[in-house]
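Here is a short report on a two-chain model. It goes from the chains to their interface and then to single residues.

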Amino acid sequence: MKTITSAFLALAILFAGCATKQPPGRVALNATESVMDTVQASMDAWFAWVAIREAQIAELKKTDRGAALEQSMELLKLEGRVLNARSAYQEAAKTAIAAGAASTGGAGTSERVAAAAAQLINLVSTLTQK
Amino acid sequence: MPAATIAALLIQYGIPLTTKLIEKWSKDEPTNPEPKEWLELLKHPSLTMTYDEAKAAAKAKA
């Protein structure tokens, strides 16, 4: 009886292993997609922050046009920085993905996309916490 | 239940079931992605949208 139970446990473990086993290329592809989803979420958070700042500036404009103009220029500068960081991320990610498609298993692709994304996400995080 | 009966049941039902499961899992086993699957990632909105388009989309969502 013990032998039968042990045999079935061994089979169950073997099946569980087979069911969860993912080849490295598939893991890399899923990881890359997750990174890009994180970038998208980060940008949504950034645009929400910008919308709040724009509303605050519009309110300030009613009482102090000079200060509102100054803050508006400052916000434009920040948006310019994020725009540039986003363009750099897009270029780097596109290059890494194209290289991943050409290589076996897409080795290193998710790491390269993650590195490019980290710069953009860190910038957005820093700016929105100011 | 005697061990012999359990063993007989396992042989009768366990083996065909195990064979079917192995067949199914070997068919469903994930493989390394094809190049076209990688290229599909290039259609991700974080790569396709311009800053202004993404801003407008975020505004529309809010």
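From the N terminus on, chain B runs α-α-α-α. That makes 4 helices and 0 strands. Chain A also follows the pattern α-α-α-α along its sequence, with 4 helices and 0 strands. Helices (H or I, at least four residues) and strands (E, at least two) are DSSP runs, numbered from the N terminus.

**Basis and confidence**

This is a predicted model: local features need pLDDT of at least 70, side-chain atom pairs count only at pLDDT 80 or more, and totals for chains, interfaces and linings use all residues. Residues are numbered from 1 along each chain as its sequence is written, chains are lettered from A and ligands numbered from 1 in the order in which they are written, and side-chain values use heavy atoms, with hydrogens and water left out.

The predictor gives the complex an ipTM of 0.77 and a pTM of 0.74. Per-residue confidence is pLDDT, on a scale from 0 to 100. The table sets out the values by chain. Buried means under 20% relative accessible area, exposed over 50%, partly exposed in between (1.4 Å probe, protein chains only).

| Chain | Mean pLDDT | Residues at pLDDT 70 or more | Buried residues |
|---|---|---|---|
| Chain A | pLDDT 87 | 84% of residues | 33% of 130 residues |
| Chain B | pLDDT 83 | 89% of residues | 21% of 62 residues |

In chain A, α1(A) has the lowest mean pLDDT (50) and α3(A) the highest (96).

Contact means heavy atoms within 4.5 Å. Within chain A, 72% of the contacts with a separation of 6 or more are between residues 24 or more positions apart.

**The interface**

How many residues of chain A are in contact with chain B? The count is 38 residues of chain A against 30 residues of chain B. The buried area, meaning the accessible area (1.4 Å probe) that two parts lose on being put together, summed over both, is about 3100 Å². Carbon and sulfur atoms give 69% of that area.

There are 5 salt bridges between the chains. A salt bridge is a side-chain nitrogen of Lys or Arg within 4 Å of a carboxyl oxygen of Asp or Glu. One joins the side chains of B:E37 and A:R26, at 2.8 Å from N to O. On the chain A side, α1 (2-20), α2 (24-61) and α3 (65-102) each supply at least two residues that touch chain B. α2(A) gives the most, with 17 residues. That side of chain A divides into 20 nonpolar, 9 polar and 9 charged residues. Here Ala, Val, Leu, Ile, Met, Phe, Trp, Tyr, Cys and Pro count as nonpolar, Asp, Glu, Lys and Arg as charged, and the others, Gly among them, as polar.

**Two residues in contact**

B:S46 lies in helix α3 (residues 45-48) of chain B. It is buried, because its relative accessibility is 1%. Leaving out residues up to four places away in sequence, B:S46 touches A:M36, A:V39, A:Q40, A:R86, A:Y89 and A:Q90.

A:Q40 lies in helix α2 of chain A. Is A:Q40 buried or exposed? A:Q40 is buried, with a relative accessible area of 17%.

Key: pLDDT is the predictor's confidence in each residue, from 0 to 100.
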